[in-house]
Amino acid sequence: MAVKPFGLVFFPAFDWALTPTHPEREERLLYTRDQIVEEGLLDIPGIREYKPRLATLRDADRVHIGVPDIASHITDAHLVSAGGAITAAEAVIKGEVARAFALVRPPGHHAMRVVHGTRGFCTINIEAVMAEHLRRHHGVRRVAIVDTDVHHGDGTQDIFYHDPDTLFISFHQDGRTLYPGSGFTDEAGSPRAYGTTLNLPLPPGTTDEGLHYVLDNLIIPVLEDFRPDIVINSAGQDNHYSDPLANMAITAQGYASLAAKLKADIAVLEGGYSIEDALPYVNTGIILAMAGLDYSRVVEPDIAAAPHGLTDGARAYLRELVARQSALWRDREQLGTVAAAKAGDFWTRRRGIYYDDSGISEQQVEKLRICPRCHGYLTVASEAEGHHCGYQSAFAAVVPREPCPACRQGAKDAVLAAKRQGKYQHYIIQDKENDLLERV
Amino acid sequence: MLLGIDVGGTYTDAVVVAGGKVLSQAKAPTTHDDLLHGILGALDQVLAGVDPAAIGRVALSTTIVTNAVVEGRLEKVGLLLLPGPGMDISSLVPERPWLLSGYIDHRGRETSPPKEAEVAAACRDLADREVFAVAGKFAIRNPLHEQAVADWLRRHTGPAHITLGSAVAGSLNFWRRANSAYYNAAVWRHFGRFARAAQAAVAGRGVTAPVHILKADGGTMPLAAAGSRPVEAVFTGPAASVLGIMALAAPQGEAVSLDIGGTTTDIALWRDGAPLFAERGAKIGDYPTAVRSFWLRSIGVGGDSCVRREGGRLTVGPERRGPAMALGGPVPTVSDAMIVAGAADFGDKGKAIEAMRITAAGGESVQDAARAVLAVAADAIYTAIGKMIDERAAEPVYRVEDAVRDRRPQPAVLVGVGGASAGLAPLVAERLGVRCSVPAGAMVANAVGAAAARPTIEVTLRADTAQGYYTVAELGLRATLPSRRFSLADARDLASSHLAERAAAAGIPVVDVESVYDEEFNLVRGFSTTGKIIACRLQIKPGVFTTQEGA
């Protein structure tokens, strides 16, 4: 039995669905509930179950800029889910448990900084809300997030793209073959945070062997090098060979041994839609592994159906990927300096963002001040158009956590200037120093 | 007239109750080496002047099972498990198990069959065992593997008894069912011997009424039916006390009850006039089981708790070093403080005053010392109640609706029973800011609880309309659904007919049936609904026949 117990926040939201037949429906964690209760996992002396608290709107506003506000996009379920992640994190921070798993829904890793609606089943980013809560209330500074969902964690990447104190590593099925179509190796962070976004697109059909090659040779060494205060695992489970929405070949054993090696302080459930054939076993495996218990008997009844064996092509690709991303990590400071010089005073990015669940297309222009004294202030000009919502737009500025006076003033001036021009419907300042979201 | 007997740690109490009154009560020392001796002693006293033929039912709350567990008087059990994939519980059960292959998944589907050759091999290895327990993962959703293993055991050895995990409880939790099944088999022979002797002895006194035994969940069952499920008769003392409170005080709404005895106080929380249950089951020894029981907390504060000063600080309990000084005991006790404070009147008051003189801090009067002792004792109980309320409020919930609603218990009344309740319960109630009630008859609440407890029984029905079958775990039943269009209301109807069937087989009348749990999920495959999973549990509500008014 573990010396310090393991914390579990289990919140299957049995009365919440995006729509009745959506993959994010009441039934999703039913068989996971069946398995973990039937196993007796909740009675093991080394496992302590926690009731999720409710996150507040302020917790969400610390991360997101909702248009017109975050409250109009979310339900109580989102606050329980994000609150569940916070509950798990606080149990660890307070030393009540050694590690914790927020096995909660709805998920969050596709929710970006600006929120016009729901995309990739996500409305607010529950890991980001948790991480920023830890920073604000528990003195955590350096955060590492490892996203092990089959889909690229584009929301988490977006939120921390300019933050050198947050390392975001995502492996996922190659974006050319799967939603959301991003997560390529050239997405590496803006100049001042270059290399703290690390993407590992994996070929469809990647097996436990391939995944663990990347884990052992890149993810674990980079994590050790970054020396985070806390390691968070965005624990999606749709790399499983039976997942209906993706094409990978990972098993419950593959996921459990990943959890054992990663030693995340906190894991948070993301996707995973093979609700009968994968989730009961993968979740049992992760819980046992994180609790330091024997997981060797957690094997899917249909394990014979799991594809095995990597092609030589896939093996060569993974070797090349690890080599390239290791070099990027090694040379990140120098590469960041070059990128900063190229950008000049402001780094600019124009993007289209699609909200598949809400049917909204957003056009976004980000401008980040390349500041020698702080992380730099950011402005985001966002216009969205959708079937149900019509047109909605906002201009926002983000004051970084420890701003220099120039960036603090610059952010304010930028919003006031935009307001004078009057092109947008909403003008917002997200002040990370004072933990405020102000409407101007 | 109903006759109730409660076997306590020190005394065996017996009462005869009728028409809301305790007609007769008796007390005899508990005889630990032969419980029946003390039981018959109390029985003979309580029946003096009562027509034994007029007794309608005898109910026993006995420590027979609890003692067997505590004293390790357990028969060696052949424990056979079908764990399938998942956590390895081999080292977490009370007996080294034989692990068998074969697996039933969460939908009750066989994913691999069990093997007779393995059972035959187990029988050779377990040749010295006569009682067996068989438990399979998800057997409550398909008992066929457990039943097949039981058949093979009968073929390869001559078992005196086999307990199936799926028959001891209808709820999820393989580990708890395995532990329950083990204990059930381990006490089966011992309990059976006691039950037959008790039945014969009661009949020998001219009582023709059926003899029931109290269960940990506060219901009774006929001794005959209890023979196959003796583990349910564990920890009945606290259950009897809770039932006694129901009979004597019938607390409505939210309440807290205290049974303040010689060395301990048992605390229960109540909602809607019923005590809260331990959701998953009782713990026996170090092993969690699926035995349904009330959710109780026991703390080491009672009338005989010793009182002392440690570094100037007054402490109460948890030890007992003998009776009150007023009764010739060696050290000051809570009871001595109660006598001095005027909340109790027994024994030698002079010695109680002497006890408080020993206890008093420099310059403190004996009255003040007595009040201080009672305040410390009441504070310990108050703190424990607060912890229970916190724990209840922190209990995980799985629905958004429940997560956003504040479910913190807010008791409005405190009911106290037991020997030391008159002195302490009002003080605890005052700390909680609630009304206090100490019903008359509180001293024999346990025996009254046993006498008045109603028989209970439950069934758990789970339907899988996509597969077209349903199970009732407690009956070992797996049957075809009458229709694919099957609703939660249909499930309740079907469950209630199976409840009636199970009750009839056990000789229990069907009254006051309640739904304790239900859930309904749409099964969606490929974006269309292919069926439903429906589960419901019905029970005959634990309760009392009539409300008693005073002794």
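Let me begin with chain A, which holds 11 helices and 16 strands, where helices (H or I, at least four residues) and strands (E, at least two) are DSSP runs numbered from the N terminus. Please keep in mind that this is a predicted model, in which local features need pLDDT of at least 70 and side-chain atom pairs count only at pLDDT 80 or more, while totals for chains, interfaces and linings use all residues. Residues are numbered from 1 along each chain as its sequence is written, and chains are lettered from A and ligands numbered from 1 in the order in which they are written.

As for overall form, the C-alpha atoms of chain A fill a box of roughly 65 × 45 × 45 Å along the principal axes. Chain A has a radius of gyration of 21 Å, which agrees with a compact globule because one of 440 residues would have a value near 22 Å; the radius is taken over C-alpha atoms, and the globule rule is 2.2 Å times the number of residues to the power 0.38. Of the 440 residues in chain A, 58% are buried, that is, have 20 or more other C-beta atoms within 10 Å of their own, with C-beta atoms placed from the backbone.

Turning to chain B, the domain assignment, which is automatic or from a database, gives domain 1 (77–189), domain 2 (305–445) and domain 3 (458–540). The centres of domain 1 and domain 3 of chain B, taken over C-alpha atoms, are 24 Å apart. Their contact takes 13 residues from domain 1 of chain B and 11 residues from domain 3 of chain B, two residues being in contact if their C-beta atoms, placed from the backbone, lie within 7 Å. On the domain 1 side, the elements giving two or more residues are helix H4 (144–156) and helix H5 (165–168) of chain B.

Technical notes: Buried ≥ 20, exposed ≤ 12 C-beta atoms within 10 Å, placed from the backbone.
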